[in-house]
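Visitor: Could you take me through this model, please? I would like the overall picture before the details.

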Amino acid sequence: MLMLGFAGFLGLLKIVLMALAAFGLFDAAFRREDAFRAADKQNKIFWLVILGIALVVSYLFSILSFLPIIGVIASIVYIVDVRPALRQVSGGGRGGRRGGSSSDGPYGPYNGGR
């Protein structure tokens, strides 16, 4: 019974790690090539290959193996380091706002009726 629960946990963990690698792969696929150069990260092809290999390795090998752990590390590096740098370079800010101040209206800055 305990082994069945452990195998179920490992199966769920494997799905989560595959989803992490797939998210990184699809995110990198839809980013522009020049954003990678502007952010001073490796090029787009490099990240597509690394994240693609991470996805395949996490699918083929057991989670207790050495190769899926390397793939998880590569996926985490992309999501934590490369993706925020790409978003900053390409102008993808938080909250859907792209610059401006809190007093900006729909037609420009609000100056208080002056």
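Guide: The following conversation covers the chain as a whole, its aromatic residues, its surface and its record annotation.

Guide: This is a predicted model, in which local features need pLDDT of at least 70 and side-chain atom pairs count only at pLDDT 80 or more, while totals for chains, interfaces and linings use all residues. Residues are numbered from 1 along each chain as its sequence is written, and side-chain values use heavy atoms, with hydrogens and water left out.

Visitor: How many helices and strands are there in the chain?

Guide: The chain has four helices and two strands, in the order α-α-α-α-β-β from the N terminus. These are DSSP runs numbered from the N terminus: helices are H or I with at least four residues, strands E with at least two.

Visitor: And what percentage of the residues count as buried?

Guide: Of the 114 residues, 25% count as buried. Buried means under 20% relative accessible area, exposed over 50%, and partly exposed in between, with a 1.4 Å probe and protein chains only. The chain exposes about 8100 Å², of which carbon and sulfur atoms supply 68%; the areas come from the Shrake-Rupley method with a 1.4 Å probe, and for residues only the protein chains shown count as cover.

Visitor: Turning to aromatics, how many pairs does a search of the whole structure find?

Guide: The search finds two aromatic pairs. Rings of Phe, Tyr and Trp (its six-membered ring) pair if their centres lie within 6.5 Å; planes under 30 degrees apart count as stacked, over 60 as edge-to-face and the rest as tilted. The F46 and W47 rings have centres 5.4 Å apart and planes at 85°, so this pair is edge-to-face.

Visitor: Why is the pair of W47 and Y78 classed as it is?

Guide: The W47 and Y78 planes stand at 55° with ring centres 5.6 Å apart, so the pair is tilted. This pair links distant parts of the chain, with W47 in helix α3 (residues 44-60) and Y78 in helix α4 (residues 66-90), 31 residues apart. F46, W47 and Y78 form one aromatic cluster.

Visitor: Is W47 buried or exposed?

Guide: W47 is buried, at 8% relative accessible area. Y78 is also buried, at 0%, whereas F46 is partly exposed, at 35%.

Visitor: What does L86 touch?

Guide: Leaving aside residues up to four places away in sequence, L86 touches R31, A35, F36, A39 and Y78, where contact means heavy atoms within 4.5 Å. L86 belongs to helix α4 and is buried, with 0% relative accessible area. From L86 to A39 the C-alpha distance is 6.0 Å, although they are 47 residues apart in sequence.

Visitor: Which residues does UniProt list for "transmembrane region"?

Guide: The unreviewed UniProt entry lists residues 6-26 and 47-80. Its positions are in the numbering used here, feature names are shortened, and annotations may be inferred rather than shown by experiment. In the model, residues 6-26 are 100% helix, with end C-alpha atoms 30 Å apart. Residues 47-80 are 85% helix, with end C-alpha atoms 13 Å apart.
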